[in-house]
Amino acid sequence: MAKILDQPRYKCALTAMQTVQSITGAIPILHSGPGCGGKLAGGAGSSGHFSFNIFPCTNLSEKEVVFGGEKRLKETIENALKVIDAELYVVLTSCTSEVIGDDAEEIVRSFKNADKPVIYASTPGFKGNNYVGNDWVIKAIIEQYLKPAEKKTKGLVNIWAGLPLHDPFWLGNLRELEKLVEELGLIPNTIFGHDRGIKNLEKVPEAEFNLLVSPWLGLENVKLLERKFGTPFLQYPTIPIGATETSRFLRAVGEFTGVDKEKVESIIHKHESEYFYYIERFADVFLETRVMAKRFVVVSDSQYSLALTRFLVNDLGLYPAKQYITDDAPLKHRKQIKEYFKELNYEIEAEVEFSSDGYKIHEEIRNTEYYGYPLILGSSWEKKIAKETKAHYLAISWPINERLVINSSYVGYAGGLKLLEDIYSVVLTRFN
Ligand code: SF4
């Protein structure tokens, strides 16, 4: 029987308009009713030149539902090309336009000789959530916009990680990943955020490598890039947080791209000695603040549940209770994702459940013995159960209502320290 979930952890596929809006110079054109864009808008950090509230939309109404909306879509694209100064126009379909059978692809094809590129992605909410919607939009860009490069640029690495705007730390994380890759002597290339956008998008085919930092999101697209442009890819399954994972990440990227091993080790040595200098200085806080239980729970998407579990076990010596993955990860990837939770230090393995049923998750947390005040990392939905269980609680995942994240990041050595700061800033409030 169908269930009603009262604590949404993701939005519908049309929210992939956020992916388009995160590429400076690109704009989505929604072929949808007026309510979709309004409902999917929201979240911090979405204002700006082409904000959530500034996008062309066909505003489908009863008339188009009865007689078809293709004419209206054609007019909307024509007018968008006239009045909006974008570099790339991405038409996105919705439930309404797909159910009435509009051939948006054909309409978009009629603009192939327009002055600016117009492409199309099928993103009705009934087909999936915004995680898969993001992948469909990137796929559409690869298939319809990118052209093979005349030559490869040595050392150029496309980095793919995170879900634009939905992941509160997506942009900060990308910038930190760029820095790590750059330290290895490579040239990072990302398409999202300030001073990237279309100019970087056009460099994607000339990259020597693709680096996917994700357990599943984006995997199909790096495979597509390999087929289309012959670019080999490395999938690193987790965002690296803290010393253990970041050093592993640097070694893996270094080995894949052929960076001199000694160089990699000297970079790692430099970072680890600084990292452990800070850990040593604050070891009294970590060791003596025994008020926090050793057991923790993460309620987040595949990326964060995995990355935080690895950090808290490998770097902080905590023990995982059952971990929850809320992004409705595609079934074909779940077995592998579960395997990643077995690759923890000290032969520890974490039990994982894929669920977006907040009621059930909270019931289970309520009935779990944490042997002390638990640590709960999740979204604002976890605030209530955290209060009830007197937990130490940190919001790290959408929806976040009580934190403003501008360009913070938990990636890398500095990201691990930042996460410790955030966790222990909560722990210390118990005494102060
Ligand atoms: S689920 Fe369908 S109708 Fe609802 S916002 Fe998404 S595209 Fe629009």
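Around the ligand sit Cys12, Leu14, Ser32, Cys36, Lys39, Leu40, Ser94, Cys95, Pro124 and Gly125. Helix α2 (residues 34–40) supplies the largest share of that shell, three residues; helices are DSSP runs of H or I with at least four residues, strands are E runs of at least two, both numbered from the N terminus. By type, the shell splits into six nonpolar, three polar and one charged, where Ala, Val, Leu, Ile, Met, Phe, Trp, Tyr, Cys and Pro count as nonpolar, Asp, Glu, Lys and Arg as charged, and the others, Gly among them, as polar.

Bear in mind that this is a predicted model: local features need pLDDT of at least 70, side-chain atom pairs count only at pLDDT 80 or more, and totals for chains, interfaces and linings use all residues. Residue numbers start from 1 along each chain as its sequence is written.

Now the sheet. It is open, with three strands in the order β1-β2-β3 and parallel pairing (two strands pair if DSSP finds at least two bridges between them). β1 and β3 are at the edges with a single partner strand each, so one side of each has no neighbour in the sheet. Six bridges join β1 to β2, and Leu30 stands opposite Leu92 in β2.

The domain bounds below come from an automatic or database domain assignment.

| Domain | Residues |
|---|---|
| domain 1 | 13–144 |
| domain 2 | 153–274 |
| domain 3 | 275–428 |

The centres of domain 2 and domain 3, taken over C-alpha atoms, are 24 Å apart. Their contact takes 30 residues from domain 2 and 31 residues from domain 3, counting residues whose C-beta atoms, placed from the backbone, lie within 7 Å.

Notes: Near = placed C-beta within 6 Å. Contact = placed C-beta atoms within 7 Å.
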